[in-house]
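Subject: Handover of a structure with its ligand and pockets

Dear colleague,

Please find the sequence and structure below. My notes on the ligand, the pockets and the cavities follow.

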Amino acid sequence: VCGVERVDTDLVARFRRARGDDRLVVLEGFHALKHALRFGARVRDAVATDVGALERLAAELAPDLAGRFAALARPVGGRGLRPARAARAADRVLALAERPPVDAATVLAAALGSAPVVLLEDPRDLGNLGACVRVAAAAGVSGLVTTGDRDPWAPEALRGAAGLHFALPVARAEAFPHPPPTDRPIVAIDPAGAPLRPAAVPAGAVLAFGTERAGLSDALLARADATLALPMTPGVSSLNLATAVAATLYAWRLR
Ligand SMILES: C[S@@+](CC[C@H](N)C(=O)[O-])C[C@H]1O[C@@H](n2cnc3c(N)ncnc32)[C@H](O)[C@@H]1O
């Protein structure tokens, strides 16, 4: 727990343990808790320095959740809890929620609808990963799968996603399964592909995005049924990963 000033050792120990427990997630700040509650998270514990400020912000930004924060959050001493980046009193809230039990094979194998699955190959930056989850939730994809060792449910990713992990299935696999447990077409999104036109995105595709520095692996490019690029001005090497996910998903939404 970053920034706990006057030590409540129980509280610190509980949140620290939760960071290493793959059945739990740590939610930091008002927006993460707001979306978690709105999308049905089972919140086990919440502490806040100013429960009144939380409720006032809920009345303004999330009237559907009025009363929920006060019912959930235990007040902790004014100087007891200070998440480092919390500028507003209402963001000085930490919560523990149960992590939904979702696995990557199930997300990939889910019945082929028209909505795509987003596949992030070995994303490194957790804030960026969270931004991808947020845009995937907003666009209405059927799920998001990551590969590699980064936990997509890490607190930093939850914060980057404003808690929207609870709005769609999000899961991690060590590697993209071979053969894939799905009939979905695989579309590599890569700067070297053919220009992406909305109609070129097949229904129910797995849209694969590469790692921040190196891009998609040769193995994934070789397995793709199509490779599509977001056109860029000459001289620009690539878009940021979350930006590329956003542009691709909104092209799909406008098809
Ligand atoms: C920061 S980029 C990786 C850059 C890497 N050097 C490359 O050339 O692929 C991360 C990912 O975002 C996606 N991306 C970024 N810009 C793109 C573009 N213009 N067209 C298609 N995909 C793009 C790709 O999936 C890429 O692997």
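A backbone N or O atom of L230 lies 2.9 Å from a nitrogen atom of the ligand; a polar contact is a pair of N or O atoms within 3.5 Å, and within protein one must be able to donate a hydrogen and the other to accept it, with residues adjacent in sequence counting only if both atoms are side-chain atoms. Taken alone, the ligand exposes 560 Å², of which the protein buries 86% (accessible areas come from the Shrake-Rupley method with a 1.4 Å probe, and for residues only the protein chains shown count as cover).

Please note that this is a predicted model, in which local features need pLDDT of at least 70 and side-chain atom pairs count only at pLDDT 80 or more, while totals for chains, interfaces and linings use all residues. Residues are numbered from 1 along each chain as its sequence is written, and side-chain values use heavy atoms, with hydrogens and water left out.

**The ligand**

**The largest pocket**

The ligand sits in the largest pocket, meaning that more than half of its atoms lie within 2 Å of the grid points of that pocket. On a 1 Å grid over the protein atoms alone, a pocket is an open set of points with protein on both sides within 12 Å along at least five of seven lines, a cavity is a set where a 1.4 Å probe fits but cannot get out, and lining residues have an atom within 4 Å of a point. About 320 Å³ of space lies in this pocket (points are joined across faces, edges and corners, and a volume is the space filled by probe spheres set on them). Its lining has 19 residues, with I189, P191, S238, L239 and A244 closest to the centre. Strand 8, strand 10 and helix 9 each give two or more residues to this lining.

**The second largest pocket**

The second largest pocket holds about 170 Å³ of space. Among its 13 lining residues, D22, R99, D151, W153 and R172 lie nearest the centre. Strand 7 (residues 170-173) provides the largest share of the lining, 3 residues. The lining divides into 6 nonpolar, 1 polar and 6 charged residues.

**The cavities**

The whole structure contains 2 cavities of 30 Å³ or more. The second largest cavity has a volume of about 30 Å³, and its lining includes R99, D151 and W153. Strand 1 supplies the largest share of that lining, 3 residues.

Yours sincerely

Methods: Helices (H or I, at least four residues) and strands (E, at least two) are DSSP runs, numbered from the N terminus. Ala, Val, Leu, Ile, Met, Phe, Trp, Tyr, Cys and Pro count as nonpolar, Asp, Glu, Lys and Arg as charged, and the others, Gly among them, as polar.
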